[in-house]
Amino acid sequence: MTRDARYDILFEPVTIGPVTAKNRFYQVPHCCGMGFNWPQTHAKMREVKAEGGWAVVCTEECMIHPTSDYSPEPQARLWDAYDVKCLALMNDAVHRHGALAGVELAHNGVGTQNLWTRMKPLGPSNRAGVIGVPTQTRAMDKADIREMRRWHRNAALRAKEADTDIVYVYAGHDSTVLMHFMQARRNHRTDEYGGSLENRVRLTREILEDTKEAVGDRCGIAIRLAVDELLGDDGITSDGEGREIVEMLAELPDLWDVNVADWANDSVTSRFGEEGIQESHIAFVKSVTTKPVVGVGWFTSPDTMVSQIKRGVVDMIGAARPSIADPFLPKKIEEGRVEEIRECIGCNICVSGQHTSTPMRCTQNPTMGDEWSRGWHPETIAAKGSDDGILVVGAGPAGLEAARALGQRGYRVALAEATTELGGRVTWESSLPGLSAWARVRDWRVGRIQDMANVEVYRDSHLTPENVLEFGFEHVLVATGAAWRKDGVGITNAATIPGADGDNVFTPEDVAAGTGITGPVIVFDDDNFYMGGVVAEKLRNDGHDVTLVTTGTCASAWTENTLEQHRIQERLLECGVEIVVSHNLKAIGDGDVDGACVYSERVRALKARSVVMVTSRQPNDSLYRVLADDNDKLEAAGIKSVQAIGDCAVPSIIAVAVHDGHRAAREMDSPPADPDLPFRREYIALADAV
Ligand code: ADP
Ligand code: SF4
């Protein structure tokens, strides 16, 4: 296939100081939960993106000195020669594919906690830290400022030693000391580093100059700046100080990487933001500098990318999440395979990896994070290991991904789905407020399967054990999913909540289906991820009086990890949902519900005609259990294996179901050598590694 000429502009080279990017695709720095704990996992993950056509591939935040210690969250580090080796691993890997490697040097100032290094957190002024630990930052004196400059310079030199092409001066996201110096609300100094904007920008200017002088002969120097904090007059704004900062430093860096702060605004989920959402904030930058400008905006459409460049918004298409969901996005555009792009759904499960200090996962890309540990590649997969046929029962995320990947391997695949619609949970969940982009999980897979002559899809085909035994295929993957429980059993309640068997009690599936719910409604959330909040929002939009009763201390508590909690609570309050936190349900009557404080057990009377239970899910595993329990029948039917996958095996998030479907496909006729350790570990060197 050949590339559409409309997209040629995306493949023009861009000069960044002394280095040149081969095209306009730029993987901006992004966290990945790998960092100092998993350097080989990290290097391979970035390499795959370089292979996929990104002209620039950057690290996540890279700590310049132990006074900026983000432990336990694993960020990159450049503290000594060991870290140079780790960074060189990535750089060499990225260079193998003709891409440039960038490093985002960072000192987190008031955002650090230094739990491991126990060094004193530093900031422009004596202030509480912003990370929520009971510690403060010390106002840097002149000696500290000199040290900060020296640390940054040394880190830049180490980056150069590791053969880095682009070195960042990082002043974005409200999380770096340079940003903190620039913010009037955090900088209360009275010396030449405080007061006027020029003074507050001084340290950034000095560090930019230091970095240029130290490594600018060989490395492009990038600045990452949040030009708007979306705080109005309380913060930096793109029509105020944000613009002035860019004007002051316009030609100093070799590249401007501009965004909005904080991270929750920059990586806004699809529930709360759209493609290109940052344009109105960053569009001015190109009119102020002649240097190339990179911006992000959840870009997955090549037409939007071309439009951004032609209209002079940016010079390079910045991407974090779109490059995670599809590391081969540039290649697919280049080779005229646009319909094959696996578009990011904007769910921020990847972000949760950083917050849980584990290598990130991706809902759309099951190979993400397993490139090194399992040797998985997002585009290639081993050819089939036999001529066996595989029956996949259930076309939710797990079944669709298994069928797709098995089809790619060349197996004969039959995918049977009980209903007339494919997609399972993503189909009904994507009808809930703000979740329409989640249908991409289904659509990408259905699109790929449609092109495969060896994959047969049977809709409206509810399979019984007898149907499966008669089918005549050698392997069976049971991907029949899970259903929300009505009985209230979950994290908090081990037994049925009295009254939960009434016909005024419903599940999220009932809400999506519009089943006769009458208000006022209580949504009882003991799951504490997105479902309780989104169901409450939908019911409120439908005109009901809604109370969200949650066992958590806030609405949708786990969504802190996807950067959404604040927005969810705000939206629920704005649309008129009453939120009752830290409460369990004790009994459900006809019109009256007893809530109970999870701490004191104090009972609170609540009014509700209907209750929606969002507690936990029950696997739909009866088909699997009947089959798996009767070896004789399986043998007689010529069935060699039966496996439950996805929610049918263990109800979990969509990303886990997709990963499980993918794993089952990879391991068909090719089980891991050591089933007790089915992946490679990274070992910590026991001796001095330097
Ligand atoms: P997962 O997240 O594990 O993929 P889902 O619940 O999203 O699970 O999807 C499961 C799918 O399986 C649903 O579309 C459901 O209609 C289908 N299904 C359930 N039982 C059967 C069955 N016996 N035969 C065929 N399809 C089934
Ligand atoms: Fe996009 Fe979700 Fe994957 Fe992150 S986890 S890259 S938001 S699809």
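In the predicted model, I522 stands opposite V611, a residue of strand 27. The two strands concerned, strand 21 (residues 521-525) and strand 27 (residues 610-614), run parallel and are joined by five bridges. Both belong to an open sheet of five strands, in which the order is 20-27-21-22-23 and the pairing is parallel. Strand 20 (505-506) and strand 23 (578-580) form the edges of this sheet, and because each has a single partner strand, one side of each is left without a neighbour in the sheet. Helix 19 (residues 530-541) packs on the sheet, where it touches strand 21, strand 22 (546-550) and strand 27, and the direction of helix 19 makes about 170° with that of strand 21. In general, the strands of a sheet pair through backbone hydrogen bonds, in either a parallel or an antiparallel manner.

Turning to the ligands, 22 residues are found around ligand 1, of which A398, E417, A418, R425 and D647 come nearest. By class, this shell comprises 10 nonpolar, nine polar and three charged residues. An N or O atom in the side chain of D647 is 2.7 Å from an oxygen atom of ligand 1, while a backbone N or O atom of R425 lies 2.7 Å from an oxygen atom of the ligand. For P397, a backbone N or O atom is placed 3.0 Å from an oxygen atom of ligand 1. Taken alone, ligand 1 exposes 580 Å², and the protein buries 90% of that area.

Ligand 2 is surrounded by 13 residues, the closest being C344, C347, N348, C350 and C362. Eight residues of this shell are nonpolar, three are polar and two are charged. Helix 11 (321-325) and helix 13 (349-355) each supply at least two residues of the shell around ligand 2, and helix 11 provides the largest share, three residues.

How values were computed
Residues are numbered from 1 along each chain as its sequence is written. Chains are lettered from A and ligands numbered from 1 in the order in which they are written. This is a predicted model: local features need pLDDT of at least 70, side-chain atom pairs count only at pLDDT 80 or more; totals for chains, interfaces and linings use all residues. Side-chain values use heavy atoms; hydrogens and water are left out. A residue is near a molecule or strand if one of its heavy atoms lies within 4 Å of it. A polar contact is a pair of N or O atoms within 3.5 Å; within protein, one must be able to donate a hydrogen and the other to accept it, and residues adjacent in sequence count only if both atoms are side-chain atoms. Accessible areas come from the Shrake-Rupley method with a 1.4 Å probe; for residues, only the protein chains shown count as cover. Ala, Val, Leu, Ile, Met, Phe, Trp, Tyr, Cys and Pro count as nonpolar, Asp, Glu, Lys and Arg as charged, and the others, Gly among them, as polar. Helices (H or I, at least four residues) and strands (E, at least two) are DSSP runs, numbered from the N terminus. Two strands pair if DSSP finds at least two bridges between them. Contact means heavy atoms within 4.5 Å. Axes are lines fitted to C-alpha atoms, for helices over the stretch in contact, and angles run from 0 to 180 degrees between N-to-C directions.
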